[in-house]
Amino acid sequence: MASSETMTLADKGQRIGLRLIAKAGGLPGLKDKEVRARVEKYLYKGAVTGFKAQTAAGRGFARKKASGDPARPAPTKPKKTFDLTPTEDQQMIQGVARELADEVIRPAAATADTERSVPDEVRTAAADMGLHLIGVPAELEGIAEERSAVTGALVLEELARGDMGIATAIMARSAVATALAGYGSAEQQATYLTEFAGENPPAAALALQESQVLFDPFALRTVGRREGGDIVLDGVKALVPGAEEAELFIVSAEIDGEARLVIVTAGLEGLQVEDDPAMGVRAARTARLHLEGVRVSESDVLGTAEDHRDAVRRARLAWAAAAVGTSQAVLDQVSEYVKERKAFGEPIGYRQAVAFTVSDIAIELAGLRLVVWKAASLLDRGADASAEIAQARSLVSRHATWIGSSGVQLLGGHGFVKEFDNERWYRDLRGAGVLEGTLLV
């Protein structure tokens, strides 16, 4: 019999789905019957089918032929004026992620961090909401009418406010689906991407990180050499989320002197997984992926060298968005704590040093969020967002880390123990400014 906690998570996930079906009807973007039907299918599925455990790795992806051009989400329609206000449809999807974070992710966060494992009920609740399909075009049974980095950033921000480790685990699948939608050929999409819209989407991971000092995603030690019509891969990828269960990987490798993305399926000869625990994002159960003479078809090289550069930029922005969410969790917690915690007969928030620290957290967070949203908006307009993404990554490395540290400091001894979430948020924020890949907007 399932535990009471498990039943509570399941019930919450189902209630979210039912509420969202009711809410969705009034949005202008869902007046189209086909769009509405797709959204309702993913929202309603969780309420009627319950929760299923993840399948083991080793799914067979039958190679399919396809004619014509690959399906791509349409470019985002530019706004007449510069405006970072989310659209009604974006607010709806943001609301999905917010409720999932509040009612399902946050209650499971501490246990998931300790056990380095996300409950199946949490994973399946996210899948049933269809969040892994936010970058998949509608004609491939996704829910993306247009490619929107802003939408992806809003979702990651909300999920990471619940817990960055769980957000990393459940959105690793979305990163692979989004990459296939954005860079894949028609054959690659028919072979791999269609599986993500099915009843049992594959566990997957985008593996760019390598275990080396000052890792540069454009100076890779993982290499691929051509042999006949194949690519033979050798190297090691680090901090790959859920690698033990993943059925599909997209890895980066240097091929012909250029950094490229390559599709690798689980179970190939020479592909091995080694546990690789990290300081933060522990719920994602990171591991090293060893590639020793792994042979894939040349047709499994994904996109171009420019697509690899685009993936690196979008992944860095995704981590910055996640850092915004976790930083918001810190601000929310300390704002209440300093008003409730009393010392010498008054709330500690009455002390200037404490009040100024909380204010500084709010200021730095607002600045980081603005840069992240601006960078995502530029990407959606097809403009160069390189400078803004670099600024966001720098701000995360310096200020988000400081926010995490300050959250621990403001709680004093309470900040150092696992009874409170602050020590976990601090650990997660330490990594957000240095990790590569894994997430994608």
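These notes go from the pocket to the backbone.

Entry 1: I am working from a predicted model. I looked up the second largest pocket and noted a volume of about 310 Å³. I then asked which residues lie closest to its centre. Of the 19 lining residues, these are L239, A278, G431, V434 and L435.

**Entry 2: where the lining comes from.** I checked which elements supply at least two lining residues each. They are β3 (230-241) and α11 (422-432). The largest share is that of α11, with four residues. I also sorted the lining by class. I got nine nonpolar, six polar and four charged residues.

**Entry 3: L239.** I went back to L239, one of the residues closest to the pocket centre. L239 is found in strand β3. I read its phi as near 55°, a positive value in a residue other than glycine. I noted this because most residues other than glycine have a negative phi.

**Entry 4: F344.** I looked up F344 next. Its phi is also near 55°, and F344 too is a residue other than glycine with a positive value. F344 lies in the loop between β9 (342-343) and β10 (346-347). F344 has a relative accessible area of 79%, so it counts as exposed, the cut-off being over 50%.

Definitions and conventions: Residues are numbered from 1 along each chain as its sequence is written. This is a predicted model: local features need pLDDT of at least 70, side-chain atom pairs count only at pLDDT 80 or more; totals for chains, interfaces and linings use all residues. Side-chain values use heavy atoms; hydrogens and water are left out. On a 1 Å grid over the protein atoms alone, a cavity is a set of points where a 1.4 Å probe fits but cannot get out, and a pocket is an open set with protein on both sides within 12 Å along at least five of seven lines; lining residues have an atom within 4 Å of a point. Grid points are joined across faces, edges and corners, and a volume is the space filled by probe spheres set on the points. Ala, Val, Leu, Ile, Met, Phe, Trp, Tyr, Cys and Pro count as nonpolar, Asp, Glu, Lys and Arg as charged, and the others, Gly among them, as polar. Buried means under 20% relative accessible area, exposed over 50%, partly exposed in between (1.4 Å probe, protein chains only).
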